[in-house]
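Have the structure open while you read.

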Amino acid sequence: MIRKLITIDEAACNGCGLCAAACHEGAIGLAGGKAKLLRDDYCDGLGDCLPVCPTGAISFEEREAAAYNEAAVKANMARGMQTGSQLRQWPVQIKLVPVQAPYFAGAELLVAADCTAYACADFHTRFMQNRVTLIGCPKLDQVAYAEKLTELFRHNALKSVTVARMEVPCCGGIEYAVTEALHASGRTIPLQVVTISTEGIILKE
């Protein structure tokens, strides 16, 4: 059948992932650093992804395509909720991430200690879903997290910040860096701190 659905200009795409996050049907994914339409029958043709694209790489086209399959979309989304990666951007290391990037605009930010994802079995679905994720280890990384995070908070309109840390004392460094950076940035951003035990139990949320 001939119908309207989205098309993505790979040359114009910067791989920010905002379109994938905006697509409620899971029709868009990232491959090779570029956004891709995964399946025609996942795209409903409404274009929620268009207004979030910072480079104008997404547009509509009419062509021969499979009909929108709501049942397939629901099944795919259910699978993703159970096992799929919820990572929305790259890089994820605090020391590598840019201070400004399109995916930070209006984002809910997760700043997680490296070990948390290994300790908590459902970390992706419980903490990373619908958040931009940054990770680091204050004990091993020779980086002034607070200084970089201050600039990140100052230059981006974030909705919220969640810190995920382990119960061990060395993880206090990542919580301290975030609280110091928020104070230094002069921004009022809601902050939540989650503490996870070495057995993967949520001690504080």
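1. Searching the whole structure turns up zero disulfides. C16 is buried at 8% relative accessible area, and C13 is buried too, at 10%. For accessibility, buried means under 20% relative accessible area, exposed over 50%, and partly exposed in between, with a 1.4 Å probe and protein chains only.

2. A word on the ground rules. This is a predicted model, in which local features need pLDDT of at least 70 and side-chain atom pairs count only at pLDDT 80 or more, while totals for chains, interfaces and linings use all residues. Residues are numbered from 1 along each chain as its sequence is written, and side-chain values use heavy atoms, leaving out hydrogens and water.

3. On to the inside. The largest nonpolar core holds 39 residues, and F104, L109, F123, L149, F153 and L158 have the most contacts within it. By nonpolar core I mean a set of buried Ala, Val, Leu, Ile, Met, Phe, Trp, Tyr and Cys residues joined through side-chain atoms within 4.5 Å. Elements giving two or more residues to this core are β5 (108-113), α4 (123-128), β6 (132-136), α5 (145-155), β7 (160-166), α6 (172-185) and β8 (191-196). Helices (H or I, at least four residues) and strands (E, at least two) are DSSP runs, numbered from the N terminus. Another core lies apart from this one, with 18 residues, among them I6, A35, C49 and A57. As a reminder, nonpolar side chains tend to be buried together in soluble globular proteins.

4. Leaving aside residues up to four places away in sequence, F104 touches V97, P98, V99, L109, V132, L134, L152, N156, A157 and L158. Contact here means heavy atoms within 4.5 Å.

5. Which side of α6 is buried? In α6, the buried residues are I174, A177, V178, A181, L182 and S185. They sit on the same side of α6 because they cover an arc of only 125 degrees around the axis, the arc being that of the directions from the helix axis to the C-beta atoms. Those buried residues pack against β5, β6, α5, β7 and β8, whereas the face turned away carries the exposed residues Y176 and H183. After α6 comes G186, with a positive phi near 75 degrees.

6. Now the charges. How many salt bridges does a search of the whole structure find? There are eight, counting a side-chain nitrogen of Lys or Arg within 4 Å of a carboxyl oxygen of Asp or Glu. R63 pairs with D40, with the closest N and O atoms 2.9 Å apart. R63 lies in strand β4 (58-64) and D40 in the loop between β3 (34-37) and β4, so the pair ties together parts that are 23 residues apart in sequence. R63 is partly exposed at 25%, as is D40 at 22%.

7. Two other pairs deserve a look. E175 meets R165 in a salt bridge, with the closest N and O atoms 2.9 Å apart; E175 is in helix α6 and R165 in strand β7, ten residues away. R165 counts as buried, at 11%. Shared partners also join D40, E61 and R63 into one salt-bridge network. Then there is E70 with K74, at 3.5 Å from N to O. E70 and K74 are four residues apart in helix α2 (70-83), which means about one helical turn separates them. E70 is partly exposed at 46%, while K74 is exposed at 54%.

8. Last, Q93, in the loop between α2 and β5. Q93 is partly exposed, at 22%, and touches I135, G136 and D141, not counting residues up to four places away in sequence.

Note on methods: A disulfide is a pair of cysteine sulfur atoms within 2.5 Å.
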